[in-house]
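Subject: Structure handover, ligand site

Hello,

Here is the structure for your files. My notes on the ligand site follow below it.

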Amino acid sequence: MDLWLKEGQISDAVMTYKIKETLVTKQTEYQNLAIVDTYALGRMLVLDGIVQTTINDEYVYHEMIAHIPLFTHPNPKKVLVVGGGDGGAIREILKHPSIEKAVLCEIDEDVVNECKKYLPEISCALDDARCEVFIGDGIKYVHEHKNEFDVIIVDSTDPFGAAEGLFGGSFYKEIYECLTEDGIFIAQTETPFYLPDVVKRVYDDAKATFPITKLFMAAIPTYPSGYWSFTVGSKKHDPENANVPENLSFETKYYTPRLHKASFVLPKFVEELLK
Ligand code: SAM
């Protein structure tokens, strides 16, 4: 029998994946969680029917969300990830030798536990001594920690349900307070093809809070349209003109110093959207 996953983030367009095996499917306190093995992209984490990450293309998202801010900050020591329970962002963060502590604040403990069990390639660094896994709401955590983190990465689900409050001006003001004096924030901010209003709103909200706000794009096959945006808000350091070392001290598959700069060069329709 053929089993197919129909991913439905965008109401008028779907992606379908032929399933090899269903490893887990359960209702957690916050969402429906599934981990399935697919022919096209390997194992994938699916939350409320929306694909979050897959073994075959996760490196694009996790490398870009971690290395762009970490190579922009001159000496990042303490990093906070809000969401990101699969552990992929933490794995990339801990490749940077300057990091002393990386806190993962994930609301849903089941995401962390199931990813540790079924997606070890992605979650492998969650037991590193420099990583603290805190189970709780990122909005509360950020509110309760001031002037503490050099980099904050918002690796969240889409702006609905528990993640709704992770997008927007009032949260960005809290993030600003939670960052150190030259801190940098980054968030995944959806696709300008299908969700231009969300991209524009989030960019404008970040711009109203941070002296430097830049948007960059990456090609991620898993996400609707395959063309995904990230927004960076920075107090002092410009991510587009970062002093990235020419030779990296660790392996990457997508991120390179040249791509770091090039990813901020936007197509005309995105430039116009942000005007
Ligand atoms: N890379 C993914 C994407 O863009 O599709 C995001 C992956 S990560 C699994 C997203 C995580 O954010 C989920 O595990 C979800 O439970 C978590 N999350 C949602 N709202 C949250 C909140 N308010 N505080 C902390 N974590 C939250």
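A polar contact here is a pair of N or O atoms within 3.5 Å. Please keep in mind that the model is predicted.

For glutamine 52, a polar side-chain atom is 3.3 Å from an oxygen atom of the ligand. Tyrosine 61 has a polar side-chain atom 3.4 Å from a ligand nitrogen atom. In the case of aspartate 137, the distance from a polar side-chain atom to a nitrogen atom of the ligand is 2.9 Å. On its own the ligand has 590 Å² of accessible area, and the protein covers 99% of that.

As for location, the ligand sits in the largest pocket. Two elements give two or more residues to the shell around the ligand: strand E4 (42–47) and strand E7 (101–106).

The ligand is surrounded by 24 residues. Gln31, Glu106, Asp137, Gly138 and Ala162 are the closest. By type, the shell consists of 10 nonpolar, nine polar and five charged residues. Both domains take part: domain 1 (3–54) and domain 2 (58–274) each supply at least three residues to the shell.

Regards

Technical notes. Residues numbered from 1 in each chain as written. Predicted model: local features only at pLDDT ≥ 70, side-chain atom pairs only at ≥ 80, totals over all residues. Heavy atoms only, no water. Near = heavy atom within 4 Å. Polar contact = N/O pair within 3.5 Å; in protein donor to acceptor, adjacent residues only side chain to side chain. Areas by Shrake-Rupley, 256 points an atom, 1.4 Å probe, with all protein chains shown as cover. 1 Å grid on protein atoms, 1.4 Å probe; cavity = no way out; pocket = protein on both sides within 12 Å on 5 of 7 lines; lining within 4 Å. Sits in = over half its atoms within 2 Å of the grid points. Helix = DSSP H or I, 4+ residues; strand = E, 2+ residues; numbered from the N terminus. Nonpolar A, V, L, I, M, F, W, Y, C, P; charged D, E, K, R; others polar. Domains from an automatic or database assignment.
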